[in-house]
Amino acid sequence: MESKLNTTNNLKIAIDGMGGDFAPQVPVEGAILAAKRGASQILLVGDEEILKKELSKYETEGLPIKIIPSEGIIHDHESPALALRQKPKSSILVATNLVKTGMADAIISMGSSGATMAAAVVILGTINGIERPAIGGPIIGSAPNQVILDLGSNIDCKPSNLVGFGVLGSVFSQVLLGIESPKIGILSVGSEEGKGNGLVKETTKLFHKSGLNFIGNVEGNDLLTGRADVVVCDGFVGNVILKLVEGFGRGFAKQLKETLSNHMNNQDLERLLNEFSQKNNIVDSRGGGPVFGVNGVSIIGHGSSSAKTVDRAVDLALMCINTKLIEEMNNQTPDIMSTISN
């Protein structure tokens, strides 16, 4: 049963109740976890009857959860641009529009990242000076405060796009991670300036004009040590890194279990594996990551996320709101981007 709003927290977070591999179960349970903490008012967006049925499995009396009806779901296999036109009342569009109209302060989705990104760009618009928003954030356990972007939304990039990513990542590092002057590096095949492809070389020239704390090229092995606070690359390379990190974590955990199974009891082994997973699955531990470069807080999570991840995504959204991340991106970005166009 849908509960009445009863909270002193005026911030409202829209959650795509139909997004993710395990929707609506996971988004609904995650919404309930967040609501029980009194973190914010939750606007659960999706098919009204399906969400009511799922909510009825829990005790929700008095929880600040409200259902916002929508029609349709945009799936991963669909073209985001086409689906946005064909399904104007889909859950991700309705949820994102709540932010645009001021009815919600942020939107969270564990559904199609392409659709979430497209909805954010079309409905919320982009920050002045940013041609292409990006997906990014910390993804490597040994460098938990290192921001990498783009992680897959822009396969082909221009030099100015990469500088834009650097600006956005720098602001994120300052505001959310407390790094005063983030070191920015560009991912390349060698640490020396002059190494790399044409994109790297041209982007390097623009970074030198930007006034940002640019430290030059970083290599793949530098990602594990956090040599740079912000690492920029095109979405093709970034997505390969993301999938490699995810696969390496699973593969190493499997090897660890096989190696230690004869040397540790099951309880201690499971505790060790859980600790390893928590330290290395940065995206899950933070709840996801924001869409960088749009005029509103839009959080993208992994499709296989758990309810606890959705709950953590609410905290991430609240951090972005309370630290005024979008306002600070709007303050810093236009001036910096104008320096590279002169």
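Trainee: Are Phe-207 and Phe-214 buried or exposed?

Mentor: Buried means under 20% relative accessible area, exposed means over 50%, and partly exposed is in between, using a 1.4 Å probe and protein chains only. Here, both Phe-207 and Phe-214 are buried. Keep in mind that this is a predicted model, where local features need pLDDT of at least 70, side-chain atom pairs count only at pLDDT 80 or more, and totals for chains, interfaces and linings use all residues. Residues are numbered from 1 along each chain as its sequence is written, and side-chain values use heavy atoms, leaving out hydrogens and water.

Trainee: How many aromatic pairs are there?

Mentor: Rings of Phe, Tyr and Trp (its six-membered ring) pair if their centres lie within 6.5 Å; planes under 30 degrees apart count as stacked, over 60 as edge-to-face and the rest as tilted. By this rule there are 2 aromatic pairs. The rings of Phe-172 and Phe-292 have centres 5.2 Å apart and planes at 55°, so this pair is tilted. Phe-207 and Phe-214 have ring centres 4.6 Å apart and planes at 10°, so they are stacked.

Trainee: Which elements hold Phe-172 and Phe-292?

Mentor: Helices (H or I, at least four residues) and strands (E, at least two) are DSSP runs, numbered from the N terminus. Phe-172 lies in helix 6 and Phe-292 in strand 10 (residues 289-292), so the pair ties together parts that are 120 residues apart in sequence. Both Phe-172 and Phe-292 are buried.

Trainee: How many bridges join strand 7 to strand 8?

Mentor: Two strands pair if DSSP finds at least two bridges between them. Strand 7 (residues 184-187) and strand 8 run parallel, joined by 4 bridges, and Ile-186 stands opposite Asn-217 in strand 8. In strand 8 (residues 214-218), 4 of the 5 residues are buried, so this strand is largely enclosed by the rest of the structure.

Trainee: Where does Ser-188 lie?

Mentor: Ser-188 is in the loop between strand 7 and helix 7, and is buried, with a relative accessible area of 12%.
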